[in-house]
Amino acid sequence: PPASQNNEQGSTLRDLLTTTAGKLRLGSTDAGIAFAPVYSTGAASGKSGRTMPNILDDIIASVVENKIPPNRAPKINVKSEIKDEPKDDKKCIQDDCSKRYSDIQYSWICDKHVLWLRDHKNSNNWKLFKECWKQGRPVLVSGMHKKMNFSLWKAESISLDFGNQQADILNCKDSIISNTNVKEFWDGFEDVSKRQKVKNGETALLKLKDWPSGEDFKAMMPARYEDLLKSLPLPEYCSPEGKLNLASHLPGFFVRPDLGPRLCSAYGVAATKDHDVGTTNLHIEVSDVVNILVYVGIAKGNGVLSKSGVLKKLEEEDLDDLLRKRLKDSSELPGALWHIYAGKDADKIREFLQKIAKEQGLEVLPEHDPIRDQSWYVNKKLRQRLFEEYGVKTCTVIQFLGDAIILPAGALHQV
């Protein structure tokens, strides 16, 4: 319809450009629009000191105008420059959640940054998870192993079923990858005397790198695949068929990231002399991740820290009071130490690691990204410096047997 018959002019791009251009030709600064056209000045503008207005700015102005009903003058908030007292978003969320989700067992850990859902069976967990996920925060769900067939995930069971397979094994300390028999890795999983030795006689810290993964996982381990899928936390989000799992509803022509599942198996650092090394260096995943600790092996042999020694090491970390309480619970079995950072801190961390590399005399090439390259495990001393020099605080989480850690895409983490 003609513009005169349309209550909201500019409803089409053609109409918007036409009405805007008409006003521009008139050179009007008071043609009833909420914001006057923006003019530029310069030598070419002649005596009037004005040139043709910036077309984009005027289109924006016209859109703003047409969103205001014609019978009501535009209101301008003259107090916009007066800042309110800053609100504590964390506190608001927690106060609100405590009232709305009183039927859910949960706590906040890591300086209120991580939501801990303590009852994996509660069918309403997803409602509280949704509130937390909007804020881009990690979530911990405990007790998932209680839903699983534990015998399927024992090291000896996997070794017995798949020991003859070949796979890439990573030496975490020097990043050397070798293709070898899987049985060799599993034989040393809980018996340190059967582990590989490096040149100086030290026990190697090995990791079975993403074996198996994706479709290979389903084809090779159908029983374990089914057991894992039926045991996923928050199935509305995490299950491949979840109604709130975006990836499940993408058309087939979209290129998807590797959504797994992947089996990540690694020796702990309890049997190594150097405890400033990780089995997964600092990195970022391009998709949201759920990581479930399905089995914790207790290493035996010379030079291995006792259980009390392991607990003492963990207690030296900057831990939340609730995590310290879990460590003292004899029914809980700690298996992995995580350090997590918000995606917004990535640039600061990248700059910090490049600075440390230069201090250590390492070559820093412009095309190398220390996070993308996964070349750093940030030890305790460096984590302290990162906080003191860049204001970036580490979120430290201990993952116990059966814990599922759910991370939003872009969150940095090391294990």
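The buried residues of helix α12 are Ala 346, Ile 349, Phe 352, Leu 353, Ile 356 and Ala 357. Here, buried means under 20% relative accessible area, exposed means over 50%, and partly exposed lies in between (1.4 Å probe, protein chains only). Seen down the axis of α12, these buried residues fall within an arc of 140°, so they line one face of the helix. The arc is that of the directions from the helix axis to the C-beta atoms. The face turned away from the buried side carries the exposed residues Asp 347 and Lys 358.

This is a predicted model: local features need pLDDT of at least 70, side-chain atom pairs count only at pLDDT 80 or more, and totals for chains, interfaces and linings use all residues. Residues are numbered from 1 along each chain as its sequence is written, and side-chain values use heavy atoms, with hydrogens and water left out.

Stay with α12. It covers residues 346–359, 14 residues in all, and reaches 20 Å from its first C-alpha to its last. That is close to the 20 Å expected at 1.5 Å a residue. The expected span is 1.5 Å times one less than the number of residues. After α12 comes Gly 361, whose phi is positive, near 75°. What do the buried residues of α12 pack against? They pack against β8, β10 (334–341), α13 (380–390) and β13 (412–414). Helices (H or I, at least four residues) and strands (E, at least two) are DSSP runs, numbered from the N terminus.

Strand β13 holds His 413. This histidine is buried, with a relative accessible area of 5%. Not counting residues up to four places away in sequence, His 413 touches Asn 281, Leu 282, His 283, Glu 285, Trp 338, His 339, Ile 340 and Leu 407. A touch, or contact, means heavy atoms within 4.5 Å. A polar atom of the His 413 side chain also lies 3.3 Å from the backbone oxygen of Ala 411.

Now move to Thr 280. Its place is in the loop between β7 (265–266) and β8 (283–284). Is Thr 280 buried or exposed? Thr 280 is buried, with a relative accessible area of 16%. Leaving aside neighbours within four places in sequence, Thr 280 is in contact with Lys 207, Tyr 377, Gln 414 and Val 415. A polar contact of 2.9 Å joins the side chains of Thr 280 and Lys 207. A polar contact is a pair of N or O atoms within 3.5 Å; within protein, one must be able to donate a hydrogen and the other to accept it, and residues adjacent in sequence count only if both atoms are side-chain atoms. Thr 280 and Trp 376 are 96 residues apart along the chain, yet their C-alpha atoms are separated by 9.2 Å.

The largest nonpolar core has 49 residues. Those with the most contacts inside it are Leu 117, Val 139, Trp 153, Trp 186 and Trp 211. Such a core is a set of buried Ala, Val, Leu, Ile, Met, Phe, Trp, Tyr and Cys residues joined through side-chain atoms within 4.5 Å.

Finally, the whole protein. There are 13 helices and 13 strands. Of the 415 residues, 43% count as buried.
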